[in-house]
Amino acid sequence: MAAPEIQRIVIDNCAIATVDADDTEHAVGHLVLAGHRIESVGAGPAPADLDHVVRRIDARGHLATPGLVNTHHHFYQWLTRGLATDHNLFDWLVALYPLWARLDERMCHRAAQGSLAVLAKGGVTTTMDHHYVYPRGCGDLSGAIVRAARETGLRFTLARGSMDRGEKDGGLPPDFAVESLDGALAATEETVTAHHDASFDAMTQVAVAPCSPFSVSTDLLRESAELARRLGVRLHTHGSETAEEEQYCREKFGMRPTDYFASTGWLGEDVWMAHCVHMSDADIAAFARTGTGVAHCPSSNARLAAGIARVPDLLSAGVPVGLGVDGTASNESGELHTELRNALLVNRLGAHREKALNARQVLRMATHGGARVLGRAGQIGSLEPGKLADVVLWRMDTLAHASIADPVTALVFGAPAPVTASFVGGRQIVEDGRLLTVDEDAVARATREEARRLARIAAGD
Ligand SMILES: [Zn+2]
């Protein structure tokens with residue numbers, strides 16, 4: 001039997017920002033997608049004599065970029081948006097943990113669907129979910145989240161989190177929401193075995209992700225690092241988010257967060273951390289020296305009054321930096337495409353404003369930078385022949401953007417751009433702003449029902 005022919009999709013007449021190593025851009029160019037991969041990208045029209053073309057898209061008026069990559073999130077928080085709106089991080093956590101401790105499988109599945117749908121509609125093609133709340137008797141939460149990612153069609157990394165430092169051990173989470181050290185490690189290994197795919201085209205990967213220095217024992221941090229390295233998967237956690245976290249680490253461990261992470265095996269090319277707001281010059285140098293990555297979450301940091309991360313300093317030191325939305329209990333929108341503008345503007349308010357970010361640096365963080373911190377820069381994050389066909393077409397000829405000459409400036413500085421089409425591995429998941437994979441109105445109704453059910457259960461009804 002003959003091998004099945006590879007089917008081609010030809011996209012012509014669009015501006016293209018490839019985000020390759022040279023920042024190659026084309027004012028008018030073409031892309032050819034062949035099966036899961038990008039076959040060609042370049043200036044002018046696509047070759048005329050291609051076989052097996054199943055679709056031709058005239059993309060005039062559009063900018064093509066790599067799909068956006070979200071490097072920090074907590075999907076379950078979709079059910080607890082808009083609460084504790086005036087709290088700082090520690091008070092916000094204490095207010096919300098009693099709700100989160102009642103999560104079950106159906107809630108996590110619906111919350112993940114809602115989170116994924118909003119990301120996808122805004123041009124995200126790869127996301128992660130840091131899930132660290134596994135209350136006793138909660139069912140297979142990891143399986144429910146992975147299923148939601150498959151249904152929505154996004155490329156996905158589940159950062160299997162854990163907490164073992166409950167209130168009785170001086171941590172913040174209530175005791176019934178934490179796991180034992182051995183239980184957390186065994187469940188994490190099971191999740192890697194069940195869901196991690198190391199192949200080039202992988203749609204699902206798993207990282208080992210204990211929650212934070214103030215909810216996890218030193219032993220769990222250290223043994224998680226050993227587990228991840230034995231299994232050949234990546235490591236993720238929260239780090240240097242707030243002044244209170246730094247104070248906590250000084251009091252409990254006698255050192256700053258980055259030194260604490262270094263002492264537990266948590267700096268390295270296989271590690272990325274969310275936030276990294278309160279970083280000294282020495283901390284940044286340690287991240288750069290070891291290749292440790294950062295997920296920059298400007299809206300969440302503003303929402304919780306955590307501070308402004310030193311992103312220009314991180315980038316100039318050579319630290320890999322991606323963008324993240326963080327959980328939607330601290331960033332109610334859950335959209336990544338609006339984070340590009342927020343990252344740019346917030347960093348211009350920081351102490352380092354004289355060397356603040358430009359539009360192309362921000363687009364790079366949101367694409368190639370994100371791919372780097374997820375360990376997938378060889379496969380996604382730029383538009384280059386041989387890479388996976390994760391591509392977004394942004395409409396730039398409407399009232400919102402048409403008078404801005406440079407499309408990358410329009411995308412980052414301007415209003416959120418409409419997504420005409422989004423492809424993951426050559427499969428189209430968004431058309432004219434609507435999801436093709438799940439019924440978003442049904443997801444909206446279901447998430448509202450689950451949010452109400454969670455509130456009722458937590459209230460003891
Ligand atoms: Zn977070």
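Predicted model: local features only at pLDDT ≥ 70, side-chain atom pairs only at ≥ 80, totals over all residues.
Strand 9 covers residues 204-210, and six of its seven residues are buried. Strand 9 is therefore largely enclosed by the rest of the structure.

Two helix pairs were then considered. Helix 4 comprises residues 181-195, and helix 5 comprises residues 218-231. Angles under 35 degrees count as roughly parallel, so helix 4 and helix 5 are roughly parallel to each other. Their crossing is right-handed. Helix 4 contributes L181, A184, L185, T188, E189 and V192 to the contact. From helix 5 come D219, L220, E223, L227 and L231. Seven residues of this contact are nonpolar, one is polar and three are charged.

The second pair is formed by helix 11 and helix 12. Helix 11 runs over residues 337-348, and helix 12 over residues 359-373. The axes of helix 11 and helix 12 come within 10 Å and cross at roughly 130°. That angle makes helix 11 oblique to helix 12. The crossing of helix 11 and helix 12 is right-handed, as is that of helix 4 and helix 5. On the helix 11 side, the contact is made by L340, A343 and L344. On the helix 12 side, A359, V362, L363, M365 and A366 take part. The residues of this contact comprise eight nonpolar, no polar and no charged. The contact of helix 4 with helix 5, by comparison, includes three charged residues and one polar residue.

V392 is found in strand 14, which spans residues 391-395. Is V392 buried or exposed? A residue is buried if 20 or more other C-beta atoms lie within 10 Å of its own. V392 has 27 C-beta neighbours inside 10 Å and therefore counts as buried. Neighbours within four places in sequence aside, V392 is in contact with T65, G67, G123, T125, V419 and S422. V430 lies 38 residues away from V392 along the chain. The C-alpha atoms of V392 and V430 are separated by 9.1 Å.

Key. Residues numbered from 1 in each chain as written. Axes fitted to C-alpha atoms, helices over the stretch in contact; angles between N-to-C directions. Helix = DSSP H or I, 4+ residues; strand = E, 2+ residues; numbered from the N terminus. Parallel < 35°, antiparallel > 145°, perpendicular 65-115°, else oblique. Left-handed = near helix turned anticlockwise from the far one by under 90°. Contact = placed C-beta atoms within 7 Å. Nonpolar A, V, L, I, M, F, W, Y, C, P; charged D, E, K, R; others polar. Buried ≥ 20, exposed ≤ 12 C-beta atoms within 10 Å, placed from the backbone.
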